[in-house]
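Let's walk through this fold together, strand by strand and then side chain by side chain. Keep the viewer open as you read.

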Amino acid sequence: MSAKPCALVVDDEPAILRFLKPALEVNNYEVSSASTVTDAVKRIAADAPDIVLLDLGLADGDGKEVIRQVRAWSDVPIIVLSAREREIEKIDSLDLGADDYVNKPFNVGELMARMRAAMRHRLQRKSEPATLAVGGIEIDAVRRRVSRDGVELKLTPKEYELLAFLVRHAGRVVTHRQILAAVWGPAHTSDTQYLRVYIGQLRQKIEPRADEPQIILTEPGIGYRIGATDELK
(Lines give C-alpha, C1' and ligand atoms only; values in the text may rest on other atoms or scores of the structure.)
Protein backbone atom coordinates (compact mmCIF):
# COMPACT_ATOMS: atom_id res chain seq x y z
CA MET A 1 0.00 0.00 0.00
CA SER A 2 1.09 3.55 -0.71
CA ALA A 3 0.09 7.09 0.22
CA LYS A 4 0.97 8.33 -3.26
CA PRO A 5 -1.70 10.40 -5.03
CA CYS A 6 -3.75 8.36 -7.50
CA ALA A 7 -4.20 9.45 -11.12
CA LEU A 8 -7.02 7.90 -13.16
CA VAL A 9 -6.23 7.84 -16.89
CA VAL A 10 -9.41 7.68 -18.99
CA ASP A 11 -8.47 6.78 -22.56
CA ASP A 12 -9.40 3.97 -24.95
CA GLU A 13 -6.00 3.96 -26.68
CA PRO A 14 -3.67 1.40 -25.02
CA ALA A 15 -0.65 3.27 -26.39
CA ILE A 16 -1.55 6.36 -24.37
CA LEU A 17 -1.69 4.35 -21.15
CA ARG A 18 1.61 2.63 -21.97
CA PHE A 19 3.14 6.09 -22.41
CA LEU A 20 1.53 7.82 -19.43
CA LYS A 21 1.75 5.06 -16.79
CA PRO A 22 5.56 5.01 -16.41
CA ALA A 23 5.74 8.81 -16.68
CA LEU A 24 3.22 9.20 -13.87
CA GLU A 25 4.78 6.49 -11.73
CA VAL A 26 8.24 8.06 -11.93
CA ASN A 27 6.58 11.27 -10.70
CA ASN A 28 5.25 9.44 -7.62
CA TYR A 29 1.65 8.73 -8.74
CA GLU A 30 -0.31 5.53 -8.43
CA VAL A 31 -2.06 4.92 -11.76
CA SER A 32 -5.41 3.35 -12.60
CA SER A 33 -7.25 3.39 -15.91
CA ALA A 34 -10.64 3.34 -17.59
CA SER A 35 -11.57 3.23 -21.27
CA THR A 36 -15.28 4.16 -21.33
CA VAL A 37 -17.55 6.87 -19.95
CA THR A 38 -19.41 4.32 -17.83
CA ASP A 39 -16.29 2.75 -16.34
CA ALA A 40 -14.70 6.16 -15.70
CA VAL A 41 -17.69 7.43 -13.71
CA LYS A 42 -17.85 4.20 -11.70
CA ARG A 43 -14.15 4.29 -10.90
CA ILE A 44 -14.23 7.93 -9.83
CA ALA A 45 -17.15 7.18 -7.52
CA ALA A 46 -15.64 4.00 -6.07
CA ASP A 47 -11.94 4.85 -5.91
CA ALA A 48 -11.94 8.65 -5.36
CA PRO A 49 -8.76 9.33 -7.37
CA ASP A 50 -6.80 12.50 -6.63
CA ILE A 51 -6.84 13.61 -10.28
CA VAL A 52 -8.37 12.47 -13.59
CA LEU A 53 -6.69 12.67 -17.01
CA LEU A 54 -9.52 12.46 -19.53
CA ASP A 55 -9.61 11.87 -23.28
CA LEU A 56 -12.73 13.09 -25.09
CA GLY A 57 -12.98 10.33 -27.69
CA LEU A 58 -14.12 7.24 -25.78
CA ALA A 59 -15.62 4.01 -27.07
CA ASP A 60 -19.11 4.53 -25.62
CA GLY A 61 -19.44 8.31 -25.94
CA ASP A 62 -17.94 11.75 -25.54
CA GLY A 63 -15.58 12.21 -22.60
CA LYS A 64 -17.36 15.46 -21.78
CA GLU A 65 -20.16 13.29 -20.42
CA VAL A 66 -17.74 12.14 -17.69
CA ILE A 67 -17.23 15.78 -16.67
CA ARG A 68 -20.97 16.44 -16.75
CA GLN A 69 -21.84 13.48 -14.53
CA VAL A 70 -18.93 13.72 -12.10
CA ARG A 71 -19.32 17.45 -11.48
CA ALA A 72 -22.76 16.76 -9.99
CA TRP A 73 -21.11 15.25 -6.92
CA SER A 74 -17.31 15.59 -7.00
CA ASP A 75 -14.68 18.35 -7.27
CA VAL A 76 -11.89 15.93 -8.27
CA PRO A 77 -9.43 17.77 -10.57
CA ILE A 78 -10.06 16.82 -14.21
CA ILE A 79 -7.54 17.59 -16.96
CA VAL A 80 -8.68 16.93 -20.51
CA LEU A 81 -6.02 15.42 -22.80
CA SER A 82 -7.33 15.58 -26.34
CA ALA A 83 -6.27 15.72 -29.97
CA ARG A 84 -9.35 17.83 -30.70
CA GLU A 85 -8.07 21.32 -31.49
CA ARG A 86 -11.35 23.14 -32.10
CA GLU A 87 -11.74 25.99 -29.63
CA ILE A 88 -15.36 25.05 -28.93
CA GLU A 89 -14.22 21.68 -27.49
CA LYS A 90 -11.98 23.46 -25.01
CA ILE A 91 -14.69 25.99 -24.10
CA ASP A 92 -17.34 23.30 -23.61
CA SER A 93 -15.00 21.16 -21.48
CA LEU A 94 -14.01 24.06 -19.23
CA ASP A 95 -17.61 25.28 -18.94
CA LEU A 96 -18.69 21.81 -17.82
CA GLY A 97 -16.09 21.92 -15.04
CA ALA A 98 -12.78 20.62 -16.36
CA ASP A 99 -9.82 22.21 -14.57
CA ASP A 100 -7.55 22.33 -17.61
CA TYR A 101 -7.31 21.30 -21.28
CA VAL A 102 -4.08 20.00 -22.79
CA ASN A 103 -3.73 19.25 -26.49
CA LYS A 104 -2.10 16.03 -27.69
CA PRO A 105 0.80 15.62 -28.23
CA PHE A 106 1.98 17.18 -24.98
CA ASN A 107 5.16 17.63 -22.96
CA VAL A 108 5.27 15.39 -19.88
CA GLY A 109 6.95 18.03 -17.72
CA GLU A 110 4.26 20.57 -18.54
CA LEU A 111 1.52 18.03 -17.86
CA MET A 112 2.97 17.26 -14.41
CA ALA A 113 3.10 20.98 -13.60
CA ARG A 114 -0.53 21.40 -14.69
CA MET A 115 -1.53 18.43 -12.55
CA ARG A 116 0.19 19.89 -9.48
CA ALA A 117 -1.49 23.24 -10.12
CA ALA A 118 -4.94 21.62 -10.42
CA MET A 119 -4.43 19.72 -7.17
CA ARG A 120 -3.24 22.87 -5.38
CA HIS A 121 -6.30 24.75 -6.61
CA ARG A 122 -8.54 22.03 -5.23
CA LEU A 123 -6.94 22.40 -1.80
CA GLN A 124 -7.32 26.18 -1.99
CA ARG A 125 -11.02 25.82 -2.87
CA LYS A 126 -11.43 23.65 0.20
CA SER A 127 -9.47 26.24 2.26
CA GLU A 128 -6.84 23.64 3.06
CA PRO A 129 -3.14 24.57 2.98
CA ALA A 130 -0.93 22.74 0.51
CA THR A 131 1.62 22.10 3.29
CA LEU A 132 0.99 21.19 6.93
CA ALA A 133 3.71 21.12 9.56
CA VAL A 134 3.93 20.38 13.28
CA GLY A 135 6.64 19.01 15.56
CA GLY A 136 9.15 18.30 12.81
CA ILE A 137 6.47 16.54 10.73
CA GLU A 138 5.71 18.08 7.33
CA ILE A 139 2.86 17.00 5.08
CA ASP A 140 2.85 17.87 1.39
CA ALA A 141 -0.89 17.60 0.68
CA VAL A 142 -0.43 17.91 -3.10
CA ARG A 143 2.05 15.04 -3.44
CA ARG A 144 0.71 13.23 -0.34
CA ARG A 145 4.21 12.95 1.09
CA VAL A 146 5.12 13.02 4.76
CA SER A 147 8.56 13.75 6.16
CA ARG A 148 10.08 14.10 9.61
CA ASP A 149 13.06 16.44 9.91
CA GLY A 150 13.49 16.25 6.14
CA VAL A 151 13.38 12.45 5.89
CA GLU A 152 10.45 11.03 3.91
CA LEU A 153 8.26 8.53 5.76
CA LYS A 154 6.47 5.61 4.12
CA LEU A 155 2.81 5.66 5.13
CA THR A 156 -0.15 3.65 3.87
CA PRO A 157 -3.09 5.63 2.41
CA LYS A 158 -5.13 5.34 5.62
CA GLU A 159 -2.16 6.24 7.80
CA TYR A 160 -1.65 9.32 5.64
CA GLU A 161 -5.32 10.35 5.83
CA LEU A 162 -5.38 9.80 9.60
CA LEU A 163 -2.24 11.85 10.19
CA ALA A 164 -3.39 14.64 7.86
CA PHE A 165 -6.75 14.84 9.66
CA LEU A 166 -5.09 15.07 13.08
CA VAL A 167 -2.56 17.67 11.93
CA ARG A 168 -5.30 19.81 10.36
CA HIS A 169 -6.84 19.89 13.84
CA ALA A 170 -3.55 20.41 15.71
CA GLY A 171 -4.00 21.66 19.26
CA ARG A 172 -7.61 20.45 19.43
CA VAL A 173 -9.03 17.24 20.81
CA VAL A 174 -10.81 15.18 18.14
CA THR A 175 -13.06 12.37 19.30
CA HIS A 176 -12.88 8.77 18.20
CA ARG A 177 -16.17 9.19 16.32
CA GLN A 178 -15.00 12.33 14.52
CA ILE A 179 -11.81 10.66 13.35
CA LEU A 180 -13.51 7.43 12.26
CA ALA A 181 -16.24 9.28 10.37
CA ALA A 182 -13.75 11.54 8.56
CA VAL A 183 -11.19 8.87 7.64
CA TRP A 184 -13.22 5.64 7.33
CA GLY A 185 -16.77 6.94 6.85
CA PRO A 186 -19.96 7.16 8.95
CA ALA A 187 -20.45 3.38 8.94
CA HIS A 188 -17.28 2.92 11.04
CA THR A 189 -17.81 5.36 13.91
CA SER A 190 -17.84 2.52 16.47
CA ASP A 191 -14.59 0.86 15.33
CA THR A 192 -12.43 2.37 18.08
CA GLN A 193 -10.16 -0.68 18.34
CA TYR A 194 -9.44 -0.38 14.63
CA LEU A 195 -8.47 3.25 15.20
CA ARG A 196 -6.14 2.33 18.06
CA VAL A 197 -4.29 -0.09 15.79
CA TYR A 198 -3.70 2.65 13.20
CA ILE A 199 -2.64 5.16 15.84
CA GLY A 200 -0.12 2.61 17.09
CA GLN A 201 1.23 2.08 13.58
CA LEU A 202 1.52 5.83 13.01
CA ARG A 203 3.36 6.35 16.28
CA GLN A 204 5.88 3.68 15.29
CA LYS A 205 6.64 5.69 12.15
CA ILE A 206 6.54 9.32 13.30
CA GLU A 207 7.34 9.41 17.02
CA PRO A 208 10.95 9.50 18.31
CA ARG A 209 9.77 6.93 20.87
CA ALA A 210 6.45 5.22 20.19
CA ASP A 211 6.09 4.22 23.86
CA GLU A 212 6.37 7.86 24.94
CA PRO A 213 4.39 9.72 22.26
CA GLN A 214 4.98 13.45 21.95
CA ILE A 215 3.16 14.16 18.69
CA ILE A 216 -0.06 12.12 18.78
CA LEU A 217 -1.37 12.40 22.33
CA THR A 218 -4.19 10.30 23.82
CA GLU A 219 -7.13 11.91 25.55
CA PRO A 220 -8.38 8.89 27.58
CA GLY A 221 -11.95 7.92 26.80
CA ILE A 222 -12.33 10.79 24.31
CA GLY A 223 -9.92 10.67 21.38
CA TYR A 224 -6.58 12.12 20.29
CA ARG A 225 -4.87 15.41 19.65
CA ILE A 226 -1.65 16.64 18.12
CA GLY A 227 0.54 18.12 20.86
CA ALA A 228 0.76 21.90 21.10
CA THR A 229 4.03 23.50 20.03
CA ASP A 230 5.30 23.89 23.60
CA GLU A 231 4.64 20.18 24.25
CA LEU A 232 6.67 18.96 21.32
CA LYS A 233 10.35 18.19 21.91
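Start with Leu8, whose bridge partner in strand S2 is Ser32. That contact belongs to the pairing of strand S1 (residues 6-10) with S2 (residues 30-34), which run parallel over 5 bridges. Two strands count as paired here if DSSP finds at least two bridges between them, and the labels themselves are DSSP runs numbered from the N terminus: helices are H or I with at least four residues, strands are E with at least two. Before going on, note that this is a predicted model, where local features need pLDDT of at least 70 and side-chain atom pairs count only at pLDDT 80 or more, while totals for chains, interfaces and linings use all residues. Numbering runs from 1 along each chain as its sequence is written, and side-chain values use heavy atoms, with hydrogens and water left out.

Back to S1: 4 of its 5 residues are buried, so this strand is largely enclosed by the rest of the structure. Buried means under 20% relative accessible area, exposed means over 50%, and partly exposed is in between, using a 1.4 Å probe and protein chains only.

What does Leu24 touch, once residues up to four places away in sequence are not counted? The list is Ala7, Val9, Tyr29, Val31, Leu53, Met112 and Met115, where contact means heavy atoms within 4.5 Å. Leu24 and Met115 are the residues with the most contacts inside the largest nonpolar core, which has 51 residues. Such a core is a set of buried Ala, Val, Leu, Ile, Met, Phe, Trp, Tyr and Cys residues joined through side-chain atoms within 4.5 Å. Helix H6 gives the most to this core, with 7 residues. There is also a second, separate core of 19 residues, and Val37, Val41, Ile67 and Tyr101 are among them.

H6 takes us to another sheet. This helix (residues 157-168) lies across S8, S9 and strand S10 (145-148), at about 110 degrees to S9. Angles like this run from 0 to 180 degrees between N-to-C directions, with axes as lines fitted to C-alpha atoms, for helices over the stretch in contact. The sheet is open, with 4 antiparallel strands in the order S8-S9-S10-S11. Strands S8 (131-134) and S11 (151-153) stand at the edges with a single partner strand each, so one side of each has no neighbour in the sheet. On average, neighbouring strands of this sheet are turned by 25 degrees against each other, direction ignored. S8 is joined to S9 (residues 137-140) by 4 bridges in the antiparallel sense; Ala133, for instance, has Glu138 in S9 as its bridge partner.

Now for the rings. Rings of Phe, Tyr and Trp (its six-membered ring) pair if their centres lie within 6.5 Å; planes under 30 degrees apart count as stacked, over 60 as edge-to-face and the rest as tilted. That rule gives 2 aromatic pairs. Phe19 and Phe106 make a tilted one, at 6.0 Å centre to centre with 55 degrees between the planes. This pair links distant parts of the chain, 87 residues apart: Phe19 sits in helix H1 (residues 14-26), Phe106 in the loop between S7 and helix H5 (108-125). Phe19 is partly exposed at 40% relative accessible area, whereas Phe106 is buried at 18%. Tyr194 and Tyr198 have ring centres 5.2 Å apart and planes at 70 degrees, so their pair is edge-to-face. Both belong to helix H8 (residues 192-206), where being 4 residues apart separates them by about one helical turn.

Finally, the charges. Side chains of opposite charge can pair when their charged atoms come close. A salt bridge here is a side-chain nitrogen of Lys or Arg within 4 Å of a carboxyl oxygen of Asp or Glu, and the count comes to 25. One of them joins Arg71 to Asp99 at 2.9 Å, N to O. These two lie 28 residues apart, with Arg71 in the loop between helix H3 (64-70) and strand S6 (78-82), and Asp99 in the loop between helix H4 (87-96) and strand S7 (100-103). Are Arg225 and Glu219 buried or exposed? Both are buried, and their side chains meet in a salt bridge at 2.5 Å, N to O.
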